[in-house]
Number of protein chains: 6
Amino acid sequence: MTPPSISRYPVPKLDALPDDIRARMLEVQEKAGFIPNVFVALAHRPDEFRAFFAYHDALMLRDSGVTKAEREMIVVAVAGANDCLYCFVAHGAILRIYAKNPLVADQVGVNYRKADITPRQRAMLAFALKVAERSGEIDEADYAALREHGFDDEDIWDIGNISAFFCLSNRMANLIALRPNDEFYLLGRVPKQK
Amino acid sequence: MTPPSISRYPVPKLDALPDDIRARMLEVQEKAGFIPNVFVALAHRPDEFRAFFAYHDALMLRDSGVTKAEREMIVVAVAGANDCLYCFVAHGAILRIYAKNPLVADQVGVNYRKADITPRQRAMLAFALKVAERSGEIDEADYAALREHGFDDEDIWDIGNISAFFCLSNRMANLIALRPNDEFYLLGRVPKQK
Amino acid sequence: MTPPSISRYPVPKLDALPDDIRARMLEVQEKAGFIPNVFVALAHRPDEFRAFFAYHDALMLRDSGVTKAEREMIVVAVAGANDCLYCFVAHGAILRIYAKNPLVADQVGVNYRKADITPRQRAMLAFALKVAERSGEIDEADYAALREHGFDDEDIWDIGNISAFFCLSNRMANLIALRPNDEFYLLGRVPKQK
Amino acid sequence: MTPPSISRYPVPKLDALPDDIRARMLEVQEKAGFIPNVFVALAHRPDEFRAFFAYHDALMLRDSGVTKAEREMIVVAVAGANDCLYCFVAHGAILRIYAKNPLVADQVGVNYRKADITPRQRAMLAFALKVAERSGEIDEADYAALREHGFDDEDIWDIGNISAFFCLSNRMANLIALRPNDEFYLLGRVPKQK
Amino acid sequence: MTPPSISRYPVPKLDALPDDIRARMLEVQEKAGFIPNVFVALAHRPDEFRAFFAYHDALMLRDSGVTKAEREMIVVAVAGANDCLYCFVAHGAILRIYAKNPLVADQVGVNYRKADITPRQRAMLAFALKVAERSGEIDEADYAALREHGFDDEDIWDIGNISAFFCLSNRMANLIALRPNDEFYLLGRVPKQK
Amino acid sequence: MTPPSISRYPVPKLDALPDDIRARMLEVQEKAGFIPNVFVALAHRPDEFRAFFAYHDALMLRDSGVTKAEREMIVVAVAGANDCLYCFVAHGAILRIYAKNPLVADQVGVNYRKADITPRQRAMLAFALKVAERSGEIDEADYAALREHGFDDEDIWDIGNISAFFCLSNRMANLIALRPNDEFYLLGRVPKQK
């Protein structure tokens, strides 16, 4: 059986790619043990690839009052709202690893109100989903609700921009029928062997 | 740390339950290795418990042109549509086991259009979701679409009734904040040790 | 002219039915003067019939802080939300009779906010409709709102479970195109002749 | 017990009204045996009253390929979509009388797909509801679908304009909490005594 | 190139029209410099034309606590919600002129929450849009919110009825594919030459 | 009167910005005569600024079977769907200039079905809006519909990715309450003086 395609679009060979893009892929392969399909599929358009990951890194790697695990919670909740299989599964794995919690990704992706998270995190996800689904209605009351939980305005920018960025990402994944690597489904679910 | 509650309602002790209900629980425990929380939580109301599982068994155990794995696909897709964490996680596990496929549950639960399933199964899930979300608009064209894929009218009843039954089940799980057993999250994801 | 069919599915003859199911039908015929079509149509599947009515009776006949008329209000409001003609018409009749009020069924079915009911009943119906339409968003605030009107947690279970059960029932009626008996339309609208 | 109010707004006394408006009311009272509350409540604003009923009459009394019973079907289906109790109940009565059919109003108001009507009437109601709910998406294909059932362009204007007019009317009834006269609920349900 | 049609329906010649309708058109032409297409297109049905504009004038010309510019804000916001190009463009022009503000029409039509308007006007538009989109849910709390901003009950009737009237108007414009006159797009955007 | 703020967040001074960002602003100022507020507001976060505009340029400046005017049509239609005032107004101006058409931006932003555009452009906008609103449902039939109008798969990527990118952009603009420069409202509406 031929393996299912990872994208509706042609997938470039690793050695046909510009050096910087190939280097990025090898770096993530080194760390994760495999190359996530989003890298391979988006490399079809090198300029967009570079901008996409520059934006991603600017949001996901910066210092913030929102922890890295919390940022991945936002990604997974937004993926659920946008019916995006790739981000639900791939970022679900990252969330499980960052949070060291094998349950939280499915909880947050299906219904964050039922997740084992703090009230502060619930408020964060409610805001992220409002940005994803009804951003035109965001108003001062939404900001105030987050400030009550100790988020400052830069944190709120982070929450909103991560939600917005993955609204782009989810749509691209749906557009090109991006397939999650099989590896993601299990990552972070089983305690590491010592 | 106290473990999180499995229900908003009081959870009966096993030995305080009527014999038939306790017997049912011990039977499932024997088979699964643990008692799924839906049994424990719904036992708060024995008469409703009996009717619920009688209905469940009538639909899920009967002979049908819809396989048991396909019936679980319906359950998981409907749980996704209804934001029901319990059924997404618990029936996701059952689906992985029945289908001997560690990926299909997340695929079907998040976006069945992206799942590794047959066109016949996609038509089945489209119908099941229409029953779940817009049943008032079901018409002859919907029946015709399923018959083209080889489903007969009794199969269509099964598909529709399973969707309808889990619309009840999802709402009860959401109402009482039913918590999935931790065991479900991993079941069927790792090949069994010989 | 042939009378319109009462179901998309074959309708069993009374004397071909299992004894317990036929007995149930004769009992309701004795009381109502006719056999409601839901009995006849669902008897196509005896096991599901038994579970369906066992569940129905467990919810609708038990002692509760929610009166029988109020339970029928829930059924009619949910039927309106689900575009279910059978339950709107059949339970509308039962509601008129239980409430001894010829107007309330249409009011509650079309727009409960305009009905001649108490604030407590309006809160009950708001909750029932949230269970029907957005059960994933039910939270402690919804429980608190009902407790303020004197409902205890068991009453809230009743309200929610009746809503959930008729979400199943409405979907089945829509699936099989269940036709209300003509008799229901007029029942409870005209004062009984002395 | 004081009778419930028929409007959120002051209701004018009959003898305080301008002559033409009082005459209109007496005329309808002569015919129906009572004055429908919409006349009384809207008379609070005589100029709007006159325009409202002039528009109503222009649409509902003109010669058309759409029968008077069919026009009332449109009104009742649109009232159902707009959760408008007044029009559902009052025009339900008129529909029953015009169609000499005690069942059709509830059928069309709750779910026209389940009503005892012709395929042509179903197409008409599908169009009327699209005008009510998504008029921005009306296109040539919608016109073509109606022409196939023998409606000409003037009939289509009638169908669309009746839907649009009652979208105004339903909103006004909801705005002022207009209460249907008790008489409407029973009208047309019982064969007239000879 | 033939100019695009202004309506799906035949457009009457000015000199074939009844005197009163032609007079109305010449009057508006005198004032505006051109005849807005809504006059020409609706004249296809003289009786409906008369009722439509009588209703329009009763609402838009009467004395009210809602200023004429505010009434046009309602029209433009409702047109945006109903995807009605004609009213968005034509009443956008009128709003710019009445408010002597070249920006406010686009602001209010796209997202009133971002418009340069007062909190009182924002509350007014929130109410108008609720009447347009969910009138069945209007309740006393909505009235109370407007009264807090100094609107009395007659003002609230005006706000609600203008919204309701343009829900009719928007649907008619969408039904007949009414085209805005080119002139409207620029009106009120450039300071008048002295 | 103080001018209204252009963002909920602090707006950096031009001379405090990194050289590359200031250079970009001066370049656009040179061309447009003013600095669009999106540059000024997003410069609050230089890294995100760079990624945002790199992505923007990769999509909007590349060679494509989708013309630059058509790409701006997508932006304006998506802005309308997302209630984003900034992009509706700013890209409306750019669209008017690129298309040399003072009417098309309002048409496409309010209801593209009523716009003076080609059937090919209507198909393009229907797809772009499906990506914006229901990307999880994109399937082969959507691709086929665009290919029938002569779009190839790279064009379809462009259409989809522009829609997706502005779903990000619209959410950011709504999040920070980004205010369009007053200049945009009039640009492209008046023929240039020779």
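Tutor: Happy to! Please keep in mind that this is a predicted model. Let me begin with chain A, as one of the pairs you asked about ends there. Chain A has nine helices and zero strands, so its radius of gyration of 17 Å, close to the 16 Å that the globule rule gives for 194 residues, makes it as compact as a globular protein of that length. Along the principal axes, the C-alpha atoms of chain A fill a box of roughly 50 × 40 × 30 Å. Of its 194 residues, 59% count as buried. Taking contacts in chain A between residues at least 6 apart in sequence, 66% join residues at least 24 apart.

Now to the charges. Chain A carries 24 positive and 27 negative side chains, and the centres of these two sets lie 6 Å apart. Side chains of opposite charge can pair when their charged atoms come close. Over all chains, a search of the whole structure finds 90 salt bridges.

R45(A) forms a salt bridge with E154(F), and the closest N and O atoms are 3.0 Å apart. The pair joins two chains, because E154(F) lies in helix α9 (residues 153-176) of chain F while R45(A) lies in the loop between α2 (37-42) and α3 (46-60) of chain A. The two partners can be set side by side: R45(A) is buried, with a relative accessible area of 5%, whereas E154(F) counts as partly exposed at 26%.

The second example brings together chains C and D. Here D116(C) forms a salt bridge with R179(D), the closest N and O atoms being 2.7 Å apart. D116(C) sits in the loop between α6 (104-111) and α7 (119-134) of chain C, and R179(D) in the segment after α9 (153-176) of chain D, so this pair also joins two chains. As for accessibility, D116(C) is partly exposed at 35%, while R179(D) is buried at 13%.

R50(F) forms a salt bridge with D47(F), with 3.1 Å between the closest N and O atoms. Both residues belong to helix α3 (residues 46-60) of chain F, and because they are three residues apart they are separated by about one helical turn. R50(F) is partly exposed, with a relative accessible area of 33%. Returning to R45(A), salt bridges that share partners join R45(A), E48(A), R62(F), E154(F) and D158(F) into one network.

Some chains are not in contact. No contact joins chain A and chain D, whose closest C-alpha atoms lie 19 Å apart. Chain B and chain E do not touch either, and their nearest C-alpha atoms are 19 Å apart.

F34(F) lies in the loop between α1 (19-32) and α2 (37-42) of chain F, and F34(F) is buried, with a relative accessible area of 9%. Apart from its neighbours within four places in sequence, F34(F) is in contact with residues including N181(F), E183(F), F184(F) and L187(F).

Conventions. Residues numbered from 1 in each chain as written. Chains lettered and ligands numbered in written order. Predicted model: local features only at pLDDT ≥ 70, side-chain atom pairs only at ≥ 80, totals over all residues. Heavy atoms only, no water. Helix = DSSP H or I, 4+ residues; strand = E, 2+ residues; numbered from the N terminus. Rg over C-alpha atoms; globule rule 2.2 N^0.38 Å. Buried < 20%, exposed > 50% of the residue type's maximum accessible area, 1.4 Å probe, protein only. Contact = heavy atoms within 4.5 Å. Lys, Arg positive; Asp, Glu negative; His and termini not counted. Charge placed at Lys NZ, Arg CZ, Asp CG, Glu CD. Salt bridge = Lys/Arg side-chain N within 4 Å of Asp/Glu carboxyl O.
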